[in-house]
Amino acid sequence: MDDQSAALSSAFPPPPAFYKAYTTEATTALANALASGEPLPQDLACLSPPSPPDAGAGPDDPPATYRSLGHRWSTKDILPTLKALGIPELFSNASSDETGADPSYRVSELKQLTKSLLIKYLELVGVMGISPEQFPDRVEDIRIILINMHHLLNEYRPHQARESLIIMMEEQLERKHAQIEKTKRACEHMESVLSSLDTMMSARAAKHGLEIKEPQSVEGDGMKNIDSLRQDSSGTESKLLKQSKERDLLVWSALAPKM
């Protein structure tokens, strides 16, 4: 079991050993047993997924635990205290979440621990020159100080997560604003191109004595407008075809240098 736990906790764990039990016959028997409502036999009980961990309904109930990748985890994500880990606490047990607590207490505690770390390092250097056999005590003091500093820094993790999320959302807003501005510039460019094309077409039509009609709306009396358009265009079909060809030539001549 120890070898299996070590394998599951690796960077690329292999599949668990019980995957071999999920054969076609076993899964069919499991489905039939569940449909019948009878208690599962011992050879099929391991195929049924475990029930979700029950953390209790009350706020004071202890959190439930579960095992994943060879380690046991708690359903409640909490930072254990140093006393719970059996390590002496060298700082005041205050919290910025408490009412009236100073949010910057960690800064002063880290400064004090840094000074203590420098003093212990100087003591270690002095002991190594006078009585080297006494160095384990100084090394242990330095280890405890560093663990306390690491614990205080870990209390900043929720704040770091919030600030990272804020920065990520601000970057997304900046990218979206840049895309909107780029789209606006493209629309303005297209409007200027269409306006210049309209001017060129009007000038060319006036030069050749052609008349460009504005598009008529078919809203309201839809069929009447369509019939009137058909009647208007029946006598001038060849003229409109000539205008359409002239318009296509103008468009292609304007877009040819940009292609």
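Which two side chains meet in a salt bridge at 2.6 Å, N to O? They are those of Arg-106 and Glu-155, where a salt bridge is a side-chain nitrogen of Lys or Arg within 4 Å of a carboxyl oxygen of Asp or Glu.

Before I continue, a word on the basis of this talk. This is a predicted model, in which local features need pLDDT of at least 70 and side-chain atom pairs count only at pLDDT 80 or more, while totals for chains, interfaces and linings use all residues. Residues are numbered from 1 along each chain as its sequence is written, and side-chain values use heavy atoms, with hydrogens and water left out.

Let me return to the opening pair. Arg-106 lies in helix α4 and Glu-155 in the loop between α5 and α6 (157–208), so defined that helices (H or I, at least four residues) and strands (E, at least two) are DSSP runs numbered from the N terminus. The two residues are 49 apart in the chain. Both are buried, a term that means under 20% relative accessible area, with exposed over 50% and partly exposed in between (1.4 Å probe, protein chains only).

The whole structure holds five salt bridges. Asp-141 of helix α5 and Lys-120 of helix α4 form another, at 3.5 Å, N to O. Asp-141 is partly exposed, with a relative accessible area of 26%, and Lys-120 is partly exposed at 23%. Glu-123 pairs with Arg-138, their closest N and O atoms being 3.6 Å apart. Because Glu-123 lies in helix α4 and Arg-138 in helix α5, this bridge ties together parts 15 residues apart in sequence. Lys-120, Glu-123, Arg-138 and Asp-141 are linked in a network of salt bridges.

Leaving aside neighbours within four places in sequence, Leu-124 is in contact (heavy atoms within 4.5 Å) with Phe-135, Arg-138, Val-139 and Ile-142.

Finally, the overall layout. The protein has eight helices and two strands, in the order α-α-α-β-β-α-α-α-α-α. Of its 259 residues, 15% count as buried. Leu-122, in helix α4, is exposed, with a relative accessible area of 61%.
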